[in-house]
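Visitor: I would like to understand the words that are used for a protein model, and on what grounds each word is given.

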Amino acid sequence: MINLEALMTSTELCSTLTFPTLKKLSVNDVPRGHELADLELDVSFPCFPDVVTIWSSVSKHVRQQLLEEKPQAVSITGLGTFHIKKMHSFENGKMLTFQRPVFSLSKTVAQIRELRHASVPVPGEIEKVQVAYKKTYLDAPYSERVMQHCVQETLNYFYFILKKKEDVDFVLKDIGALAIRGTEVTMAFCEDFLLSLNKSTDMVEKLLTKKWVISDKKVTLFPSHFGRVHQLPQFEMKVVPRRVSLSDAETCKEVESGLGSTGTKGVLVTD
């Protein structure tokens, strides 16, 4: 089990960041030696969640909003915004309608390392909302405040990794993975999520074949100069193919097709 307290303390030694909430949490279970009151747990729950569970609750809330009959644009402050775009394609004499998820990267993240992106705003007719922690905390025994602080401190650690110019995959359970390699950004989506949006495996296959979206299964193929990436919110290191040079990356068809969820390198950026 990863010792988050030791990891966060080590990070604090070389930065101005502090992680008071993450130090009290664990990745896999509640660490021993901490009073329940310190974590503000609801002891009526049969088990204690962890950092991954808190983020899973946030992801669940975002996914539910995106799967509504009239989906809203949902923002995770400091990370980015999701919305659903309807697309049409005329094939074999029929007009097909696809629902394609779009992720817009927060400017806060993009400016940290001058990440490549295409700036396209969320359509004005789509209502924009923030993640509502008053709703997400109902799925976990932590208080609303602890959940909100956990999310913000995880994002602060994410920024810390980017400032160190290291690579990272940020996994949002049952939605997809945000992969950052150098200055290249890819939002890849779970095929089950795409199926829930489009109700047809054929539609999902067309979305993937036409490169309108990227499957999160391909993220493990995206190379890094280091041969490894940080994986959040698991706080793990993951081995990936090593990128020897930029020219090598440019010859990798799989990577080039995955650099961006909009058919261009990078992802969208929003306020």
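Guide: What follows is a conversation about the terms used for this structure and the values behind them.

Guide: This is a predicted model, in which local features need pLDDT of at least 70 and side-chain atom pairs count only at pLDDT 80 or more, while totals for chains, interfaces and linings use all residues. Residues are numbered from 1 along each chain as its sequence is written, and side-chain values use heavy atoms, with hydrogens and water left out.

Visitor: How many helices and strands does the chain have, and what makes a stretch count as one?

Guide: The chain has ten helices and eleven strands. Both are DSSP runs, numbered from the N terminus, where a helix is a run of H or I with at least four residues and a strand is a run of E with at least two.

Visitor: How do you know which strands pair in the open sheet of five strands?

Guide: Two strands count as a pair if DSSP finds at least two bridges between them. The order of the open sheet is β8-β7-β6-β9-β10, with mixed pairing. Because β8 (184-189) and β10 (236-239) each have a single partner strand, they stand at the edges, and one side of each is left without a neighbour in the sheet.

Visitor: What makes β7 a mostly covered strand?

Guide: Buried means under 20% relative accessible area, exposed means over 50%, and partly exposed lies in between (with a 1.4 Å probe and protein chains only). Six of the six residues of β7 are buried: Gly176, Leu178 and Ile180 point one way, and Ala177, Ala179 and Arg181 point the other way. Strand β3 (residues 94-106) is also mostly covered, with ten of its 13 residues buried, and over the chain of 271 residues 51% count as buried.

Visitor: Why is Asn198 called buried?

Guide: Asn198 has a relative accessibility of 11%, and the limit is under 20%, so Asn198 counts as buried. This residue lies in helix α7 and, leaving aside residues up to four places away in sequence, touches Thr97, Phe98, Gln99, Met203 and Leu207, where contact means heavy atoms within 4.5 Å.

Visitor: Why is α7 called oblique to α8?

Guide: Two packed helices are described by the angle between their axes and the distance between the axes. Axes are lines fitted to C-alpha atoms, for helices over the stretch in contact, and angles run from 0 to 180 degrees between N-to-C directions. Helix α7 (residues 191-198) and helix α8 (residues 201-209) pack at about 120°, with their axes 8 Å apart. Angles under 35 degrees count as roughly parallel, over 145 as roughly antiparallel, 65 to 115 as roughly perpendicular, and the rest as oblique. The angle of about 120° therefore makes α7 oblique to α8. The contact is made by Glu191, Leu194, Leu195 and Asn198 of α7 and by Thr201, Met203, Val204, Leu207 and Leu208 of α8.

Visitor: What makes Glu114 and Lys211 worth a remark about phi, and is each buried, exposed or partly exposed?

Guide: Most residues other than glycine have a negative phi, and most peptide bonds are trans. Glu114, in the loop between α4 (107-112) and β4 (117-118), has a positive phi of about 50° although it is not a glycine. Its relative accessible area is 68%, so Glu114 is exposed. Lys211, in the loop between α8 and β9, has a positive phi near 65°, and with a relative accessible area of 37% it is therefore partly exposed.

Visitor: Where is there a cis peptide bond?

Guide: The peptide bond from Leu232 to Pro233 is cis, with omega near 5°, and Pro233 has its place in the loop between β9 (228-232) and β10.
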